[in-house]
Structures are given as structure tokens and as C-alpha cells.
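Hi,

Here is the structure I promised to pass on. Have a look first, and my notes follow below.

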Amino acid sequence: MKMIRFFKSMSRTVHEEHHDQLVKHKTDDQYHEVSACPSSLTVWRKSLVISCNGFTVIDSGGNLVYRVDNYSGRPEEITLMDGSGIPVHTMRRCKTVRLVDSWFLYEGEAGDHHCRTSSKSSKKPICSVRKHVNILHSNPNVLAHVFRGSSDKGYAYVIEGSYAHRSCKVLDESRKVVAEIKRKEASKGGVSFGHEVFVLVVQPGFDPGFAMALVLLLDQMCS
């Protein structure tokens, strides 16, 4: 409980700037936030469960929205849960002959079978994510590609930047930024939270749960 109270207190500091930047309009003497504003999530690279590794994610109001518990090293499967522990996305490492780190991403629970090929899972993946290997004249800023379903032809999103520096962007096919990972510094005093606490900014229309799942895969591919 002390850890949760600390995290909520930290969240209020983390989101001060975001709150100040929200676009508002006045109707009948009441202010309302414009729905077109991006959402800002605080990501803590730590589980709230003692002796577990994972992630804790809260929104701008200090509410627990996502969590990952009890995995370490190089897991074969990662489950992103909502604040109440219900699976939102399941990610499974693809065991193929490829040397490139690849994952299938499923909605909710993926079923009982391990991901050796997409056909052996009890449900179809919504996308596959593959780590980008810099060879020849490849763009050194590219970290990973996100493909539709189990296909590896024609990516839907590309992730660029540096996860080590917590500075990444998820771009769609038109090069529009749909989500972004940023380092977070306190708005007062310039205090840095380090690499363990950062901000995930999600643009309107892009699923925050999906964006957080991509963060988890970047952590596996780049850490």
C-alpha cells in the first residue's frame, strides 16, 4: 500500500505539465477537456508485487490502468493486464529458425499452445512484432516493425528512436506519430526520474493498451 501511495503521489508530479497543457473550452460556465487531447501514461519499470519483476502503469489521475507481474530474464510469454488483473494482451516469443527476435501479439489470453507458428495458437494474433537488425544501409534509428496478423509483409507501424534513452516514436504508414516514449523530468526543480520511470504519450484513436504492449516488447528486444 505504501508503494501505491508513493506512485500516485509521484504521478501527480509527473502529470502536472500534461494537465496544464490540456486544451479546454467553456460551456455554460463549466470547463471541459477536449477529447482530442493525447493521453499520457506514467510507466514504472517495477511490479507492485514484492519479489516480482514487471511494470506498473497509471493514468494522469493516479489510477492503476495496466500491470505486468512475475517475469524475468527472457520470458517466452508476457501478459499485459489491466488494473484489476484481467489480461489485455498476451505476447509470445516466436520460436522459428530466424535469428531475429520476433513476437506474436494476441488480444486477451492467447490460449494453451505455445507460439511456434501462428497456426498452433488457439487464436490468431492481431499482429507480429519483429526487431529490426541494422545491416548495410538500413536506417539505424529503426528499432522494430509491426506487421498485421502473422504476416511479415508490409508493416503497419515502425518504431524508431532509442529505447535505452527512453526516446521512441511509433509511426504509422503515413509517418504519423501515434505513440511516443519520453523520459520524464519533474516539472519543478528539473529532477530526473531516471530510466525506470518514463511517459507513454498516446495520440487519440490509438489504443493505449496496444501502445503499452509495444513498450513491453521494446523492453525485451532492446534491454
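Arg-166 is buried, at 6% relative accessible area (buried means under 20%, exposed over 50%, partly exposed in between, with a 1.4 Å probe and protein chains only). Keep in mind that this is a predicted model, where local features need pLDDT of at least 70, side-chain atom pairs count only at pLDDT 80 or more, and totals for chains, interfaces and linings use all residues. Residues are numbered from 1 along each chain as its sequence is written, and side-chain values use heavy atoms, leaving out hydrogens and water.

Back to Arg-166: this residue sits in the loop between β11 and β12 (strands are DSSP runs of E, at least two residues, and helices runs of H or I, at least four, numbered from the N terminus). Its phi is positive, about 55°, although it is not a glycine. Most residues other than glycine have a negative phi.

Arg-175 also has a positive phi, about 70°. Arg-175 lies in the loop between β12 and β13, and at 47% relative accessibility it is partly exposed.

Those two strands, β12 (residues 167-172) and β13 (residues 177-183), run antiparallel and are joined by four bridges; DSSP must find at least two bridges for strands to count as paired. Lys-169 has Glu-180 in β13 as its bridge partner.

What do 12 strands close into? They form a barrel with antiparallel pairing, in the order β3-β4-β5-β6-β7-β8-β9-β10-β11-β12-β13-β14.

Cheers
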